[in-house]
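Welcome to this short tour. Please open your viewer and get ready to select a few residues, one stop at a time.

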Amino acid sequence: MTLPKPRPHHHPWLTLAALLAAAAALPAGVRAQDDLIDPTPITRKFPQGQFCTLPVELSFIANGPAATIAYEANVYTDDGAGGLLWTNQSIDNAVIATDTDYAANFGPPPEFSSSQNCYIGDPQPTPYFYFNRAGLVLPLLERFDNDPGPRGWDLAQGAYFQDSNTGPRNPEADDDYTGGSLGLGLESPNPSLADRARTSITVGGLTNGQRYFLTTWWDCGNVVLNGATYLTIRITGSGATPLAQKSWGAVKRRYR
């Protein structure tokens with residue numbers, strides 16, 4: 001009998017059945033079919049005390065040889081009791097792949113793996129891109145094994161490298177939890193709901209007119225059922241042209 005593997009990262013206090021949904025605010029020029037907003041309310045899903053791959057797809061068509069990927073997170077949310085709670089958000093395994101490579105290496109998590117029940121309230125395992133397979137040539141493969149600042153990541157707007165709390169470096173085998181991740185916003189002695197943490201990276205080697213997919217693993221350390229906790233990703237191309245934007249978090253809308 002094969003037993004489930006233990007989860008590599010767990011917040012023991014995170015027992016609230018908080019759920020995630022997604023909404024998007026698209027910039028001009030982004031195709032309407034990329035809009036995630038749906039009028040049907042559903043329950044929300046958040047990572048179940050560990051890193052989870054984002055449960056929606058984010059694609060863009062390159063308009064030149066480079067694109068800038070920007071992440072933004074709110075640092076604090078209303079705790080529902082008159083105070084503020086640090087959201088403690090982090091990202092890991094940021095990857096860009098061509099649409100062909102993405103489709104050929106996309107699938108469900110391994111049976112009995114920690115990612116099979118990654119999101120609270122999710123009855124179905126969230127599939128993801130297996131970025132570590134042999135032969136893949138990826139414009140971006142960032143596993144945050146060490147300080148990403150020298151590789152061009154912006155660490156001047158609240159993002160910080162942490163050498164613990166990591167997603168799997170080998171998701172196909174559900175193992176190798178070495179390395180680190182990128183935190184989005186440290187605790188502050190003077191917290192505010194307006195506090196934001198941001199980071200970005202400019203990725204080269206893209207082909208004009210080629211469709212690419214961006215995948216990222218996300219951990220939300222502190223969850224409040226009715227709190228506004230979100231992560232936003234924006235992609236801009238040559239000439240600062242908006243190519244894609246999506247947000248995940250507290251808006252009660254259906255994602256797909």
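Start by selecting T98, which stands opposite Y212 in strand β14. This is a predicted model, where local features need pLDDT of at least 70, side-chain atom pairs count only at pLDDT 80 or more, and totals for chains, interfaces and linings use all residues. Residues are numbered from 1 along each chain as its sequence is written, and side-chain values use heavy atoms, with hydrogens and water left out.

Now select residues 89-98, strand β7: ten of its ten residues are buried, so the rest of the structure largely encloses this strand. Strands here are DSSP runs of E, at least two residues, numbered from the N terminus, and buried means under 20% relative accessible area (1.4 Å probe, protein chains only).

Next, show the neighbours of β7. Eight bridges join β7 to β14, and the two run antiparallel; strands pair if DSSP finds at least two bridges between them.

For the last stop, go to R211 in strand β14, residues 211-220. R211 is buried, with a relative accessible area of 18%. Its side chain makes a polar contact with the side chain of S59 at 2.6 Å (a pair of N or O atoms within 3.5 Å, one able to donate a hydrogen and the other to accept it; residues adjacent in sequence count only if both atoms are side-chain atoms). Finally, select I61: R211 and I61 are 150 residues apart in sequence, yet 4.3 Å apart in space, C-alpha to C-alpha.

Note on methods: Helix = DSSP H or I, 4+ residues; strand = E, 2+ residues; numbered from the N terminus. Buried < 20%, exposed > 50% of the residue type's maximum accessible area, 1.4 Å probe, protein only.
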